[in-house]
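Here are my notes for you on this one. Keep the sequence and the picture open side by side, and go through the points in order.

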Amino acid sequence: MFKIGLTGGIGSGKSRVADMLAEWGATLVDTDEIARALTAAGGAAMPAIEAEFGTQALTSDGALNREWMRERAFSDPDTRLRLEAVLHPIITEETRRQAAAAAGSYLVFVVPLLVESLARWRGRVDRICVVDCDPDTQVARVQARSGLTEPAIRRIMAAQAARETRLDIADDVITNDGATSPEQLRAQARILHDRWLALAATTGR
């Protein structure tokens, strides 16, 4: 099956693009959604997280305490690496399981940190698509949906790959900055969807 790696910084709008592609027949494997399921109450990753970080990393119902972890993971590289060491193998296993069961027109891996883990992904996808957005718009969008402070958001952004780095490795780019209308975003996504369908047919995947 033809495979796309879809990525972008926090607040770029990659989830909106992914939803459009799914509407048109693509199958999504979203690593963020997988991570949320693994770290929900009763999630498969929670025993290992508790063993690594203690009960303070859990909410009262046994889910990951995201606020507690966010504050530490984005200010302390060692904490982030420890969390990744717990989560990444489980996420990878579930990602492969879902990909093996995919049956759509083509497969889209939605991977926020694709660039940061490029060595693992470059050989697994046929094309990388970056949803690009200017930093100020990223901040405004994340504030509107999450209530995080601007300094907290910029710490998260600083821990992610630089905008220029994402664009350097992109095969395809969708622009979704503050001046992009919903109609323009949809039109860009549709052009790429049609292109990927043609490539999938040409390659026979």
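At what angle do helix H1 and helix H10 pack, and how far apart are their axes?

1. **H1 and H10.** Helix H1 (residues 14–23) packs against helix H10 (residues 182–203) at an angle of about 50°, and their axes are 10 Å apart. That makes H1 oblique to H10. (Angles under 35 degrees count as roughly parallel, over 145 as roughly antiparallel, 65 to 115 as roughly perpendicular and the rest as oblique.) Axes here are lines fitted to C-alpha atoms, for helices over the stretch in contact, and angles run from 0 to 180 degrees between N-to-C directions. Helices (H or I, at least four residues) and strands (E, at least two) are DSSP runs, numbered from the N terminus.

2. **Before you go on.** This is a predicted model, where local features need pLDDT of at least 70 and side-chain atom pairs count only at pLDDT 80 or more, while totals for chains, interfaces and linings use all residues. Residues are numbered from 1 along each chain as its sequence is written, and side-chain values use heavy atoms, with hydrogens and water left out.

3. **Who touches whom there.** On the H1 side you'll find Arg16, Val17, Met20, Leu21 and Glu23, and they meet Pro182, Leu185, Arg186, Ala189, His193 and Trp196 in H10. Contact means heavy atoms within 4.5 Å. Sorted by class, the residues of this H1–H10 contact are 7 nonpolar, 1 polar and 3 charged. (Ala, Val, Leu, Ile, Met, Phe, Trp, Tyr, Cys and Pro count as nonpolar, Asp, Glu, Lys and Arg as charged, and the others, Gly among them, as polar.)

4. **The largest core.** Now look for the largest nonpolar core, which has 30 residues; Ile49, Phe53, Ala57, Met69 and Phe109 have the most contacts inside it. A nonpolar core is a set of buried Ala, Val, Leu, Ile, Met, Phe, Trp, Tyr and Cys residues joined through side-chain atoms within 4.5 Å. Buried means under 20% relative accessible area, exposed over 50%, partly exposed in between (1.4 Å probe, protein chains only). Two or more residues each come from helices H2 (31–38), H3 (46–53), H4 (66–73) and H5 (77–100), and from strands S3 (107–110) and S4 (127–132). H5 gives the largest share, 4 residues. There is also a second, separate core of 20 residues, including Ile4, Met20, Tyr106 and Val131.

5. **H3 against H5.** H3 and H5 pack at an angle of about 150°, with axes 10 Å apart, so they are roughly antiparallel to each other. Ala48, Ile49, Glu52 and Phe53 in H3 meet Thr79, Arg82, Leu83, Val86 and Leu87 in H5. That contact divides into 6 nonpolar, 1 polar and 2 charged residues. Zoom in on Ile49: beyond its neighbours within four places in sequence, Ile49 is in contact with Thr39, Gly54, Ala57, Leu64, Leu83, Val86 and Leu87.

6. **H4 against H5.** Here the angle is about 125° and the axes are 7 Å apart, so H4 and H5 are oblique to each other. Met69, Arg72 and Ala73 in H4 meet Thr79, Arg80 and Leu83 in H5. By class, you get 3 nonpolar, 1 polar and 2 charged residues.

7. **Two H5 residues.** Arg80 sits in H5 and is partly exposed, with a relative accessible area of 25%. Skipping residues up to four places away in sequence, Arg80 touches Ala73, Phe74 and Ala159. Glu84 is also in H5 and, at 24% relative accessibility, counts as partly exposed.

8. **Gly5.** Is Gly5 buried or exposed? Gly5, in strand S1 (residues 3–7), is buried, with a relative accessible area of 0%. Gly5 and Phe109 are 104 residues apart in sequence, but their C-alpha atoms are 4.9 Å apart in space. Leaving out neighbours within four places in sequence, Gly5 is in contact with Phe109, Leu114, Val125, Arg127, Ile128 and Cys129.

9. **Thr31.** Thr31 lies in helix H2 and counts as buried at 10% relative accessibility. Not counting residues up to four places away in sequence, Thr31 touches Ile91, Thr95, Val110, Val111, Pro112 and Trp121.
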